[in-house]
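Please look over the structure below before reading on. The questions that come after it are meant for someone meeting this structure for the first time.

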Amino acid sequence: MKKSFRLVGLDCANCAAKMENAIAKIPEVKKVTVSFMTTRMTIEANEEDMPDIIEKATQIIKKYEPDVEVKRG
Amino acid sequence: MSSQKKQLIRIIAAAVFFAAGIVVKQFSADISFIIFLVSLVIGGADVFISAVKNIFKGQVFDENFLMSIAAVGAFIIGECPEGAAVMLFYQVGELFQDYAVDKSRKSVSSLMDIRPDFANVKHGEEISKEDPYDVQVGDTIVIKPGERVPLDAVITSGFTTLDTSSLTGESLPREKEEGDEILSGSINLSGLIEARVTKEYEQSTVSKILDLVENAADSKATSESFITRFAKYYTPAVVIAAVLLAFVPPIFAGFSSLSDWVYRALTFLVISCPCALVISVPLSFFSGIGASSKNGVLVKGSNHLEQLAKAKTVVFDKTGTLTKGVFKVSRLVTNNCSESELLETAAYIESCSNHPISVSVTEEYGKEIDKSRISDCEEKAGHGVTARIDGKVCAAGNLKLMRSLNIEADETATGTAVHVSRDGKYLGYILIEDEIKPDAETAIEKLKALGIKKTVMLTGDSKTIAEKVAEKTGIDEFHAELLPADKVSKTEEMIKSEKKNEKLVFVGDGINDAPVLALSDIGIAMGGLGSDAAIEASDIVIMTDEPSKISTAIKISAKTLRIVKQNIFFALFVKFAVLILGALGIAHMWAAVFADVGVSVIAILNALRILGYKE
């Protein structure tokens, strides 16, 4: 399944790229794209793994840009 | 107050102190030191704080940290004005980048403004404001002048003009009346109308477009991925080089020169952030996609823009792409009977079928069909229709049908002909034509002017028709009487014989075009009348079904790629030049920051130029 999120306050293009790479390393993630321009993050994974992935991804995001709010959308 | 405004005030304050420091330096070095320090603290507070926070998270090559070292390092070796200037210019650059990114995000999200917030649903005599998501197919909605059409619908009462520019890029308002289809996302201009909803919100045109545009930024172009990988290695490489530059030469040249080499190393740190590249490349593609949308061309990903710029061959499907896909009776050729007899008989037979050709015959007849006169309807795929009219065995179809019934038909008939027989007697034939789109000829002209090497047309229609269309439009090559599988194999052939950097574009609309659209380098679908399967399989959708928009799309992609290349070369050139000059001790720190910021600013402005594309 695919789930999309808005990263509100995403300011740094380099950070977006680093986030994408780091989240892609999570084993259950099939595909992830973080678009700096639209502030959208799309993750593709199995439905059961999603909640766990979302938690890990949020931690990664906070690590690179602590001011970013992860919202559904 | 917005965070950008706060930042601007901080920068101005820091700049004032900086200027004061320069003046005071003439008189007292000590006091100016304090003033520069104040400037540094005001200008760099957020940078220092972020740097510290990020170190604790294990991020060493963070630009905040590196900038802080550069600025503080400058102070330590006694270059106070430089330290303050570095921080000041860096912040200015960052602010400008934020502003530019904001601006381009907003301009594409103004496209998102086509999202309707509500629908006026009529229940009996009452009208209630509802969420478009909740409205059902078949509900009646009321749209007042000035409001946005919330859902795809058919007008049931009233007439008006609609502004479809946000969907198609066309600024000319369209007149719509009872029975006309109206699309969600368009703006109702003049009249009050009532309409019956035909699609749920999630299936509506506006929903689909929003989806496409939002998802477009996810498919990255190869240049984007290249820049991201480059950035990953660039920063650590420059930092390591800086450390080496600071400490290795003094070992040979003596420790008295340490501060000199440290200064040069700090210059390196200043240019260690590849921000100009990392922002300007995605920004360019984003602007390219935005510019295309404004012109009624939806591009589903940055990678398609990249590919389209390399297009050298364009293959067209005929019906629905170069032609309107609407069949019309053009001529009646009789054989021992009157034209009205021929038409009436044909119409009665064809009323048995829903095939577009059959429909065109009954439409040309125009009068009401008395069903009681018809019996034993039979449709034979690939042949035509047979039926009993007034008890007599009649047939309408192609030569194959006539031969199978042993009826001598006029074999000289060229083009799409419906031969008609009644009671074993040949009545004549009706010529059906499909209108060529008014801009088809210009479309091919424009493509050739752009440097497209070969234009090809593939169709299942007859050779004579294909020849006529090819001649009228100026297409180089055509293949007719193809089965859907033939279209696929022909396209595969052409793709195999392509040169390495030359791409093939296929333009189509029908369900049977979907496989070819999927396998071509770039698949373009007609978005208005096109089938959902084609739109789904394609990479680019032309909202107005005008083939001339293909050249628009190619021009925008070419412009985008050009600007991306310009930015990459320019940024890399300046960065490496400054690195070399810095290592040699020729470039000052503040000059390095200035150059870096300058490059960012220019790259971003250059990328925004794409948004201003006009035909």
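Predicted model: local features only at pLDDT ≥ 70, side-chain atom pairs only at ≥ 80, totals over all residues.

Q: What is the radius of gyration of chain A, and how does it stand against the globule rule?
A: For the 73 residues of chain A the globule rule gives 11 Å, and the computed value is close to that, so the chain is as compact as a globular protein of that length. The C-alpha trace spans about 30 × 20 × 15 Å along its principal axes. The radius of gyration itself is 11 Å.

Q: What share of the contacts in chain A with a separation of 6 or more is between residues 24 or more positions apart?
A: Buried residues make up 51% of the 73 residues in chain A. Among the contacts with a separation of 6 or more, the share that joins residues 24 or more positions apart is 64%.

Q: How far apart are the end C-alpha atoms of helix α1 of chain A?
A: The helix runs over residues 13-24, which makes 12 residues, and at 1.5 Å a residue it should span 16 Å.

Q: Against which elements do the buried residues of α1(A) pack?
A: Helix α1(A) is mostly covered, with nine of its 12 residues buried, including A:A13, A:C15, A:M19 and A:I23. Within chain A these buried residues pack against β1, β2, β3 and α2, and from chain B they meet α7 and α9.

Q: Is A:N14 buried or exposed, and with which residues is it in contact beyond its neighbours within four places in sequence?
A: A:N14 lies in helix α1 of chain A. Its relative accessible area is 15%, and buried means under 20%, so A:N14 counts as buried. Leaving aside neighbours within four places in sequence, A:N14 is in contact with B:A231, B:P274 and B:V278.

Q: How many residues of α8(B) are buried?
A: Helix α8 of chain B covers residues 258-270, and its 13 residues should span 18 Å, which agrees with end C-alpha atoms 18 Å apart. The helix is mostly covered, and B:W261, B:Y263 and B:F268 are among its buried residues. Of its 13 residues, the number buried is 10.

Terms used
Residues numbered from 1 in each chain as written. Chains lettered and ligands numbered in written order. Heavy atoms only, no water. Helix = DSSP H or I, 4+ residues; strand = E, 2+ residues; numbered from the N terminus. Expected span 1.5 Å × (residues − 1). Buried < 20%, exposed > 50% of the residue type's maximum accessible area, 1.4 Å probe, protein only. Rg over C-alpha atoms; globule rule 2.2 N^0.38 Å. Contact = heavy atoms within 4.5 Å.
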